[in-house]
Amino acid sequence: MNDAHRSCSAVTETLALIIVIMIATSSISFIIFWGVPYMEQEKESVIAESALIQFRTINDLIQEVSGKGVNGSSMIDFVAEKGNMFISSTGERFIFYYSLFNGFDFNVSGLDNDDEIFFIRVEDAEPPMFWDDYYLYSDVSYLNDDSTSEDIIPINNEVIREIEYTYECPYALIEAVKIDIKAVDPGAPEDTIPVGRIWLFDPGSIYYELVATKGSYQMIAENGGVISVQNQQRYLAYEPNIRKNGEVLFVPLIQLTSTSENVLAGDSAARTFLIKSNGTFVRESGASVTTSFKCAIYGEHSSAWKNYFISQYKFIKEDGADILYHRAIKTFILTHSTCEIAIVG
């Protein structure tokens with residue numbers, strides 16, 4: 001009996017050991033396959049939240065430096081355990097345009113790329129001003145190079161009527177461009193009348209990307225705002241200082257530039273930035289908008305900006321077009337600041 005009892009006890013102990021090993025193995029497997037990824041996701045979420053908070057601080061500093069005047073500067077650190085940091089010379093592209101003469105309305109296209117060609121379609125050209133001796137010319141000014149300005153005659157040079165005109169410039173339309181649209185009588189150039197204006201800006205951006213266990217996170221600081229992206233869902237997390245007061249719209253455009261070697265910052269997200277102001281310019285002190293104020297925004301994250309203008313300022317999107325317009329805006333004010341970004345550590 002004693003031998004049988006000992007044998008039974010041994011079997012029981014062995015079974016208990018096997019059960020303990022099975023439980024331990026299951027627990028370890030659960031931790032490996034579920035616990036570790038969950039903890040990694042939580043860690044990545046914390047990194048992303050920290051990055052977004054730091055981007056708000058960076059954005060605030062860019063706005064502050066842009067108001068310091070030429071050569072005003074500040075430094076700031078950005079720290080993240082992992083991820084990639086870039087400086088882009090482009091970012092989204094912002095185009096603002098409007099008519100300056102009653103009875104004249106137009107739309108612009110072809111400015112969503114970097115070539116030299118753009119198109120102006122006259123939507124409305126009421127008499128009596130537009131007689132048969134007026135033509136539609138454009139004066140193209142490159143704002144970052146004050147010495148460069150070109151008077152462009154359309155390829156299809158016809159008297160002003162409701163058609164689309166094609167213009168080809170000698171230089172690429174990039175960075176910061178002003179286009180004045182003029183009604184010109186070649187026989188009496190002193191009678192030239194400003195009828196519309198177009199502004200084009202590539203504001204540049206500071207860009208952080210974290211490729212996470214599930215999906216990805218991006219933060220983009222551009223034009224005085226911060227875009228947050230999670231798994232392709234974009235929104236403006238921190239808004240710029242754009243203001244609308246009744247019929248007046250004020251846009252403080254902030255353009256970020258960088259030396260070529262800093263366009264790609266590298267694989268480490270921890271960086272020290274030097275932000276230096278190259279000046280602020282009043283580009284439009286109060287233009288009288290005679291018809292709709294319009295804008296078009298292009299780029300990978302343009303939807304965040306479009307939603308901002310629609311929700312915050314009641315812009316309307318034209319069906320089947322990229323154009324946002326606002327008929328209630330009668331006065332437009334535009335300042336243009338340039339800040340140089342350098343990576344110093």
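**Exercise 1. Work out the surroundings of E284: which strand is it in, is it buried or exposed, and which side chains does it meet?**

*Solution.* 
Step 1: E284 lies in strand β17, residues 271-288. Helices (H or I, at least four residues) and strands (E, at least two) are DSSP runs, numbered from the N terminus. Before going on, keep in mind that this is a predicted model, where local features need pLDDT of at least 70, side-chain atom pairs count only at pLDDT 80 or more, and totals for chains, interfaces and linings use all residues. Residues are numbered from 1 along each chain as its sequence is written, and side-chain values use heavy atoms, with hydrogens and water left out.

Step 2: check accessibility. E284 comes out at 9%, so it counts as buried. The scale is relative accessible area: buried is under 20%, exposed is over 50%, and partly exposed is in between (1.4 Å probe, protein chains only).

Step 3: list the neighbours. Not counting residues up to four places away in sequence, E284 touches Y98, R197, W199, F332, I333 and L334. Contact here means heavy atoms within 4.5 Å.

Step 4: pick out the polar contacts. The E284 side chain makes one of 2.4 Å with the side chain of Y98 and another of 2.8 Å with that of R197. A polar contact is a pair of N or O atoms within 3.5 Å; within protein, one must be able to donate a hydrogen and the other to accept it, and residues adjacent in sequence count only if both atoms are side-chain atoms.

**Exercise 2. Describe the two open sheets: what is the strand order in each, and which strands are at the edges?**

*Solution.* 
Step 1: start with the sheet of 5 strands. Its order is β2-β11-β12-β13-β14, with antiparallel pairing; two strands pair if DSSP finds at least two bridges between them. The edges are β2 (84-88) and β14 (233-238), each pairing on one side only. From one strand to the next, the twist averages 20°.

Step 2: zoom in on one pair. Strands β11 (205-211) and β12 (216-222) run antiparallel and are joined by 6 bridges, with V211 opposite S216 of β12.

Step 3: find what packs on this sheet. Helix α2 (302-313) touches β12, β13 (225-230) and β14, and its direction makes about 60° with that of β14. Axes are lines fitted to C-alpha atoms, for helices over the stretch in contact, and angles run from 0 to 180 degrees between N-to-C directions.

Step 4: turn to the sheet of 3 strands. The order is β4-β5-β8, again with antiparallel pairing, and β4 (104-109) and β8 (164-168) are the edge strands. Strand β5 (117-125) is joined to β8 by 5 bridges, and R121 stands opposite E164 in β8.

**Exercise 3. Which residues touch the most other members of the largest nonpolar core?**

*Solution.* 
Step 1: set the rule. A nonpolar core is a set of buried Ala, Val, Leu, Ile, Met, Phe, Trp, Tyr and Cys residues joined through side-chain atoms within 4.5 Å.

Step 2: name them. In the largest core, of 32 residues, they are I95, F118, L136, V140, L173 and I198. Elements giving two or more residues to this core include β3 (93-99), β6 (135-142) and β10 (193-201).

Step 3: look for another core. A second, separate one of 31 residues includes F94, L143, W199 and F309.
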